[in-house]
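Let's read a structure together, one feature at a time. Have the sequence and the model open beside you.

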Amino acid sequence: MTSTRQQILVFRELPDDQLARLQAAHDVTVANPRVAAQRDAFFAALPQAQALIGSSYPITDALLDEAPQLRVISSISVGVDNYPLAALRERGIALCHTPGVLTETTADTIFALLMATSRRIPELAMYVRSGQWQRNIGEELFGWDVHGKTLGILGMGRIGMALARRAALGFGMRVLYNNRSVVPDSELGALAGHVHYVARDALLREADFVVSVVPSTPETKHLLGAEAFALMKPSAIVINGSRGAIVDEAALLHALDTDQIRAAGLDVFATEPLPVESPLRTHAKVVALPHIGSATHETRHAMAEMATSNLLQVLAGEQPAGRFDLSQA
């Protein structure tokens with residue numbers, strides 16, 4: 001009887017319970033190529049690997065050449081910009097990801113970033129920590145209200161909808177959105193009548209908060225650039241919780257320094273980790289986070305669990321819920 005066990009290469013650490021699921025059914029090598037001591041083991045395992053699971057490491061055409069037996073890649077992420085989609089389609093390699101499980105957590109993070117930026121929470125927390133709070137603060141340290149303001153959402157997928165619920169139903173905000181298409185009321189549910197589709201330029205002109213949750217594509221690169229910032233209110237706050245490439249960082253810095261916009265909250269950057277020399281790191285009008293959108297214990301475990309299930313299902317000849325559609329790549 002021929003063994004059905006296959007060779008799996010884990011290129012980012014998995015929780016012990018999920019690793020055990022893989023080991024029970026297949027032969028597993030764990031080797032993180034970002035760790036110098038494991039890099040050789042990763043490349044040594046590629047020629048026999050029939051499946052890869054991990055995240056945050058670029059899988060290139062050249063790397064695929066070293067893995068001729070590869071059948072599936074299971075990414076512990078929603079974004080798939082680390083993978084050569086056209087090459088995977090041409091080679092017949094399945095790609096899986098983890099949509100849905102991080103929606104609410106990422107929306108929490110983005111809304112927290114919006115709140116922190118508008119109310120100047122990191123700045124004022126440091127004001128207390130550094131011992132400067134000696135008397136009641138004056139207007140120079142006041143923040144700005146969030147409730148009742150206008151939120152403009154660029155992208156109305158799962159995370160955009162979750163943000164809209166928080167804003168419209170929780171904070172009484174007027175919510176505008178721009179998307180590739182209008183979302184039918186049947187999909188909006190309780191949000192029907194509370195959110196309104198508008199053209200992108202109208203959104204940029206009217207919103208007090210402009211939040212990007214669009215995917216990273218050639219069309220969305222630098223979607224928020226000089227022209228976009230010029231349309232915004234001087235009091236507008238920009239929040240990016242999608243991908244760093246969406247924002248033209250040089251144009252953003254210029255907009256902040258010339259008072260075209262009020263402030264920015266960023267969880268993602270063009271280069272990550274954010275270089276120490278980046279002006280965004282210490283800019284007085286910027287709240288910067290280290291790409292923590294889904295970084296909670298519960299959500300990261302749920303992502304790993306879904307990625308593991310995706311992988312096992314593909315290897316078993318089944319169709320997982322998280323299989324990415326490569327037909328348009």
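Q: What should I know about the model before starting?
A: This is a predicted model, where local features need pLDDT of at least 70 and side-chain atom pairs count only at pLDDT 80 or more, while totals for chains, interfaces and linings use all residues. Residues are numbered from 1 along each chain as its sequence is written, and side-chain values use heavy atoms, with hydrogens and water left out.

Q: Which residues does UniProt list for the "domain: D-isomer specific 2-hydroxyacid dehydrogenase NAD-binding"?
A: UniProt positions follow the numbering used here, with shortened feature names, and annotations may be inferred rather than shown by experiment. The unreviewed entry gives residues 111–293 for this feature. The span is 31% helix and 15% strand, and its end C-alpha atoms are 10 Å apart. Helices (H or I, at least four residues) and strands (E, at least two) are DSSP runs, numbered from the N terminus.

Q: How do I read the packing of two helices?
A: Two packed helices are described by the angle between their axes and the distance between the axes. Here the axes of α1 (residues 16–25) and α12 (residues 297–315) come within 9 Å and cross at roughly 10°. That makes α1 roughly parallel to α12. Axes are lines fitted to C-alpha atoms, for helices over the stretch in contact, and angles run from 0 to 180 degrees between N-to-C directions; under 35 degrees counts as roughly parallel, over 145 as roughly antiparallel, 65 to 115 as roughly perpendicular and the rest as oblique.

Q: Which residues of α1 and α12 meet?
A: Contact means heavy atoms within 4.5 Å. From α1, Asp17, Gln18, Arg21, Leu22 and Ala25 meet residues of α12 including His301, Glu305 and Leu311.

Q: Which residues have the most contacts inside the largest nonpolar core?
A: A nonpolar core is a set of buried Ala, Val, Leu, Ile, Met, Phe, Trp, Tyr and Cys residues joined through side-chain atoms within 4.5 Å. The largest has 49 residues, and Ile53 and Leu163 have the most contacts inside it. Among the residues Ile53 touches are Leu22 and Leu311.

Q: Is Asn310 buried or exposed?
A: Buried means under 20% relative accessible area, exposed over 50%, partly exposed in between (1.4 Å probe, protein chains only). Asn310 has 2%, so it is buried. Asn310 sits in α12 and its contacts include Ser74, Cys96 and Pro320.

Q: Where does His291 lie?
A: His291 is in the loop between β12 (286–288) and α12. At 32% relative accessibility, His291 is partly exposed. Its contacts include Arg243, Asp267 and Arg300.

Methods. Lists of a residue's contacts leave out its neighbours within four places in sequence.
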